[in-house]
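Subject: Structure handover

Hi,

Here is the structure for your work. My notes follow below it.

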Amino acid sequence: MAGEFGTSFMPQMTISTYDNGWSDMQTVNADKISVHPGAHVLHYASTCFEGLKAFAHKDGSINIFRMDKNIERLRQSSELLYLPPLDLSLTEKMITTIVDQYRNEVPAPPASMYIRPTHIGTEPAIGKAADPSATALLYILLSPVGDYFSGGEASLRLLLDDVGVRCGPDHGMVKAGGNYASALKHIMRARKEHNAHQVLFCPNGDIQETGAANFLLVDNQSVITKPLDDSFLHGVTRESILTLARDKGLKVEERDFGIEELLDRCSQPDAEAGLAGTAAVLAAVTTLIYKGKEYQVGQGAPGPRIREMRAELNAIQWGEVEDTRNWLHTV
Ligand SMILES: Cc1ncc(COP(=O)(O)O)c(C=O)c1O
């Protein structure tokens, strides 16, 4: 598991091609794929993907967290990008087959096996700028990953960007490669000019999400986060954390909120803020930067509720408590 998150890969992957229907799944070497230089994906970004994790439990079982949710999101992303319709049971079989093949390589918690299903439009047709690809490729890459913050605790600095947009406003819910490409210029500027870790996109003051995680505002009564709409990615971690929050008696408010309210709430001593996502789980945000000024969130250090909810989610993923909600799929 040497190197940065997501840079080491298992040597094989499962793959299926679409041409008027999906081919039988194959297991092939994961070091290359062959596509025509005119492939639709390379020109018109017909690509979407997923990110989920498999965990090794002490009893030797391998368990994938909320796989059904990620497959459903990939189905939806594929549909919204006019990629060929996903075959849900084939996709599930491709995921479980390759995870099973590498079950002995799934590292013990806090590490895990990151699973990256990828769907690309392969038709060699550079005239199809305004038409979908007729052919496609689906493959499932595996990458063993460690703790995203290398054992340390996150203390993230976010730049509030009320001008830049991450992607097309009706496209945020699609996990499309192009969305990440379009967010990059804002993220790079935030890093260079403000030494921020991430951008919290809030076009016209509407608090949405960062480049790779959902944003939650927490205090001792409630969790506040944006309600589901087309503008941002509907995170599986977000939904899982909201479920845990409700079950522990916190009030969950899925509603729009703006920068003024955010800064106001963050000035309270019991305020906490976090980023929820598969890679980072639930990471504490401790500083917000807006119009050149820095604002400390609560005490300016990771707070107890974010820590507790992260630990609760990890305990389920790692098999340390009973999976009462059926979130794990045992391979
Ligand atoms: C833009 C964006 N928002 C939110 C998330 C969180 O989604 P999930 O919890 O399903 O990983 C991700 C992916 O991790 C993402 O890329």
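Helix H5 (236-247) gives the largest share of the shell around the ligand, three residues. Helices here are DSSP runs of H or I with at least four residues, strands are runs of E with at least two, and both are numbered from the N terminus. This is a predicted model, in which local features need pLDDT of at least 70 and side-chain atom pairs count only at pLDDT 80 or more, while totals for chains, interfaces and linings use all residues. Residues are numbered from 1 along each chain as its sequence is written.

Ligand shell. Strand E13 (272-277), like H5, supplies at least two residues. The shell has 14 residues, and Gly235, Val236, Thr237, Gly277 and Thr278 come nearest to the ligand. A residue is near if its C-beta atom, placed from the backbone, lies within 6 Å of the molecule or strand in question. By class, the shell has six nonpolar, six polar and two charged residues. Nonpolar covers Ala, Val, Leu, Ile, Met, Phe, Trp, Tyr, Cys and Pro; charged covers Asp, Glu, Lys and Arg; the others, Gly among them, are polar.

Helix packing. H5 also packs against helix H7 (residues 304-317), at an angle of about 110° and with the axes 10 Å apart. Axes are lines fitted to C-alpha atoms, for helices over the stretch in contact, and angles run from 0 to 180 degrees between N-to-C directions. The two helices, H5 and H7, are therefore roughly perpendicular. The classes are: under 35 degrees roughly parallel, over 145 roughly antiparallel, 65 to 115 roughly perpendicular, the rest oblique. H5 brings Ser240, Ile241, Leu244 and Ala245 to the contact, and H7 brings Met309, Glu312 and Leu313. Contact means C-beta atoms, placed from the backbone, within 7 Å. These residues divide into five nonpolar, one polar and one charged.

Domains. There are two: domain 1 (12-145) and domain 2 (156-317). The bounds come from an automatic or database domain assignment. Their C-alpha centres lie 27 Å apart. At the interface, 17 residues of domain 1 are in contact with 10 residues of domain 2. On the domain 1 side, strand E3 (47-49), strand E4 (52-56) and helix H2 (67-80) each give two or more residues. H2 gives the most, with five. That side has eight nonpolar, four polar and five charged residues.

Backbone points to check. A cis peptide bond joins Pro109 and Pro110, with omega about 10°. Pro110 lies in the loop between helix H3 (88-101) and strand E6 (112-121). Tyr82 has a positive phi of about 55°, although it is not a glycine. Tyr82 sits in the loop between H2 and H3.

Overall. The protein has seven helices and 16 strands. Its radius of gyration is 20 Å, close to the 20 Å that the globule rule gives for 331 residues, so it is as compact as a globular protein of that length. The radius is taken over C-alpha atoms, and the rule is 2.2 Å times the number of residues to the power 0.38.

Best wishes

Note on methods
Two residues are in contact if their C-beta atoms, placed from the backbone, lie within 7 Å.
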